[in-house]
Amino acid sequence: MRMSQLLVRTLREIPSDAESVGHTLLVRAGFVRRLASGIYTLLPLGTRVLAKVEAIIREEQDAAGMQEIVMPVLSPYELWEESGRAAMFGQDALPAMTTEGRGGVFVLGPTHEEVATTTIAAEIDSYRQLPVTVYQIQSKFRDEARPRSGLLRLREFTMSDAYSFDANKEAMVASYDTAVAAYRRIFERLEIDVVPVEATSGAIGGDVNHEFMVPTTIGEDFFASCSSCGLAANIEAAVRRVNSPLADATTINAPSCSRISTPGTGSIEAVAALLSSRGVTTTSILKSIATLDADGTPTIIVVPGDREARLPHGWRLFEETDFASHPAIIRGFVGPVGLSGVRVVADESIRHAPHSFVVGANEADYHLIDVVVGRDFDPDEYGSFVVVDDGDSCPNCGAVMHLQRSVEAAHTFQLGLHYSSKIRNASFVAEDGSEQLFWMGCYGIGVSRLLAVLAEEKHDDQGLIWPASVAPYHAVLVAIGAGRNPLVVETADSAYVALRAAGVDVLYDDRDVSPGVKFADADLIGVPTRITVGGKGLDRGICEVRSRATGEMVEIPIEALLAGRLSI
RNA sequence: CGGGAAGUAGCGCAGCUUGGUUAGCGCGCCUGCUUUGGGAGCAGGAGGCCGCGGGUUCGAAUCCCGCCUUCCCGACCA
């Protein structure tokens, strides 16, 4: 490509809407432009990178036996009612992306489990046709409450999504492992360091699943990882080990519990402040959170006052209407003592606490003091119900865990029968002649997001530094003094032809601008190899070849360049 | 959805407090000349619904009200 023709405008100044360095560079170097919040156009350079990332994904998934298909962006609303996800996404998310068409309502797909299941169900009748894994690379639409950080969190973005169909659980696990292995190779080729972590399945459903996290400062996610055994889990799924029992109820010397007036203290901090004269701190208060568990059963989660409660997957916090229908539970003064008909679960760490606690009295403006766990209330269940923090103990080996800020680059799920049991006719005839449901898996890579991650992780003060595997061009040919030196033009033109003939993806900077501009743009855009042809070098029969990443520069004979070679 | 900030030329900004000539500056763009190995110089030029609507006023980029959009923090999140 001749740069004089390339649709690119580099910006010298920092765009006002860009916060992260990586995104700033993508904008300054002319890869992307914002159309609306969370909606971006990819200009030619950005498009080329995206295409190269997609090509790698295609190659590795094809090699793994996965087959590419193209499913529609639009899907009938009825399909989402069938799977139950119309209700799950709720009043806001799906309708916001719904289009009224002739003859029905169609959803702009946020993901494609329903469509994939329907598609495969129509094509596969027999176990003999299994296993099969299909994938597509396509736009997805999500009603993000808050798009952010450029390409990191978009309302419309490109995703590579794959769906596996198997005859039984063992086969599903095998397909899952195959897909995960393909993902690992993809990230290797992209030169992106990913950490597979255990995760929660969110709105997708299913049991076993992993996220591929990229540790980076622009991450909006956290995962906990063990410093010793390597266990890693998303913050939403991570649990901790509570070490050594410390005491039990019988050894605590506390008077029987009593009510105390605590007007207007709807928070742990307020209670601690009010009762500080009694030596009460946030750690001696129990935080009681009213929730509905995955089955809709009212459940109080009890955790130490200084910790954040972790809601297991599928649970949700009480809303106004829930408090209204459970009058015994008083917002701001929830407690585990004396509640009948309400399940209480507690974090393991309070089980053997060596002291009494302050808890909500389930009465407005009152708390209970001198509450002893095991004496005054007995949780129905103990578990790990706090959000893991830096320094907590690994549930596996007990070593210290650390939190890592990161971006979710991919997510893989073993769905089991989650969708095939809901979508009609998602079954096949098994070897024994019986009708069986598909065992499914689904897999997604956030392709657009990878550009943001790459830009953030691969740059220096001068600009972007693309890995060769995805760089928009392999090399940039810079002609110095082309406007006044016919020999430079002649040589550079010939080199451009020769390099292309040799299979080098080359960007030829033939613009009539100063050398400084050409060098600065070459660095900003981040093409891995820069070839400089100038009058001074021509006099000596050489040109310069420089590595963007290392700055290393070698001189090679003009003849080598004209033969399409970039080394001596 | 809660909190904060901001909308003035393609991009980045000043002007607004204290209303009043023709709304400025830098980058970019166009023309000419000079220049040419790390974002050149001189001269000339084009480009504005001052986010939108209403109000106050003789007069509004500037004051008041409403709305929209964008960014940040949080909530939420596949």
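This report describes the predicted model of chain A, from its overall layout to a few of its helices and strands.

## Overall layout

The model is a predicted one. Chain A has 568 residues, of which 42% are buried. Its secondary structure comes to 13 helices and 31 strands. Along the principal axes, the C-alpha trace spans about 95 × 70 × 45 Å. Among contacts in chain A with a separation of 6 or more, 70% are between residues 24 or more positions apart.

Chain A is divided into three parts: domain 1 (21-73 + 109-237 + 403-455), domain 2 (249-383) and domain 3 (475-562). Between the C-alpha centres of domain 1 and domain 3 the distance is 40 Å.

## The five-stranded sheet

Five strands form an open sheet in the order E28-E27-E29-E30-E31, and their pairing is mixed. Strand E28 (506-509) and strand E31 (553-557) are the edge strands; each has a single partner strand, so one side of each has no neighbour in the sheet. From one strand to the next, the twist averages 25 degrees.

Within this sheet, strand E29 (residues 529-533) and strand E30 (residues 542-547) run antiparallel and are joined by four bridges. Ile 531 has Val 545 of E30 opposite it. In general, strands of a sheet pair through backbone hydrogen bonds, either parallel or antiparallel.

## Helices on the sheet

Helix H10 (residues 486-501) packs on the sheet, where it touches strand E27 (475-479), E28 and E29. The direction of H10 makes about 165 degrees with that of E27. Helix H11 (residues 515-525) also packs on the sheet and touches E27, E28 and E29. For H11, the angle with the direction of E27 is about 175 degrees.

The buried residues in H11 are Lys 518, Asp 521, Ala 522, Asp 523 and Ile 525. Their cover includes helix H2 (44-63) and strand E26 (463-464), along with E27, E28 and E29. Just after H11 comes Gly 526, with a positive phi of about 85 degrees.

## Strand E11 and its partners

Strand E11 (residues 221-226) is largely enclosed by the rest of the structure, because five of its six residues are buried. E11 runs antiparallel to strand E21 (residues 401-416), and six bridges join the two. In this pairing, Cys 226 stands opposite Met 401 of E21.

E11 also pairs with strand E12 (residues 232-234), in the antiparallel sense and over three bridges. Here Ala 224 has Ala 233 of E12 as its bridge partner. Five residues lie between E11 and E12 in the hairpin that they form. In the turn, Gly 230 has a positive phi of about 85 degrees.

## Helices H1 and H9

Helix H1 (residues 21-28) packs against helix H9 (residues 447-457) at an angle of about 105 degrees, and their axes are 7 Å apart. The two helices are therefore roughly perpendicular to each other.

On the H1 side, the contact is made by Val 21, Gly 22, His 23, Leu 25 and Leu 26. H9 contributes Leu 451, Ala 452, Ala 455 and Glu 456. Sorted by class, the residues in this contact are six nonpolar, two polar and one charged.

How values were computed:
Residues are numbered from 1 along each chain as its sequence is written. Chains are lettered from A and ligands numbered from 1 in the order in which they are written. This is a predicted model: local features need pLDDT of at least 70, side-chain atom pairs count only at pLDDT 80 or more; totals for chains, interfaces and linings use all residues. Two strands pair if DSSP finds at least two bridges between them. Axes are lines fitted to C-alpha atoms, for helices over the stretch in contact, and angles run from 0 to 180 degrees between N-to-C directions. Two residues are in contact if their C-beta atoms, placed from the backbone, lie within 7 Å. Domain bounds come from an automatic or database domain assignment. Angles under 35 degrees count as roughly parallel, over 145 as roughly antiparallel, 65 to 115 as roughly perpendicular and the rest as oblique. Ala, Val, Leu, Ile, Met, Phe, Trp, Tyr, Cys and Pro count as nonpolar, Asp, Glu, Lys and Arg as charged, and the others, Gly among them, as polar. A residue is buried if 20 or more other C-beta atoms lie within 10 Å of its own, exposed if 12 or fewer, and partly exposed in between; C-beta atoms are placed from the backbone.
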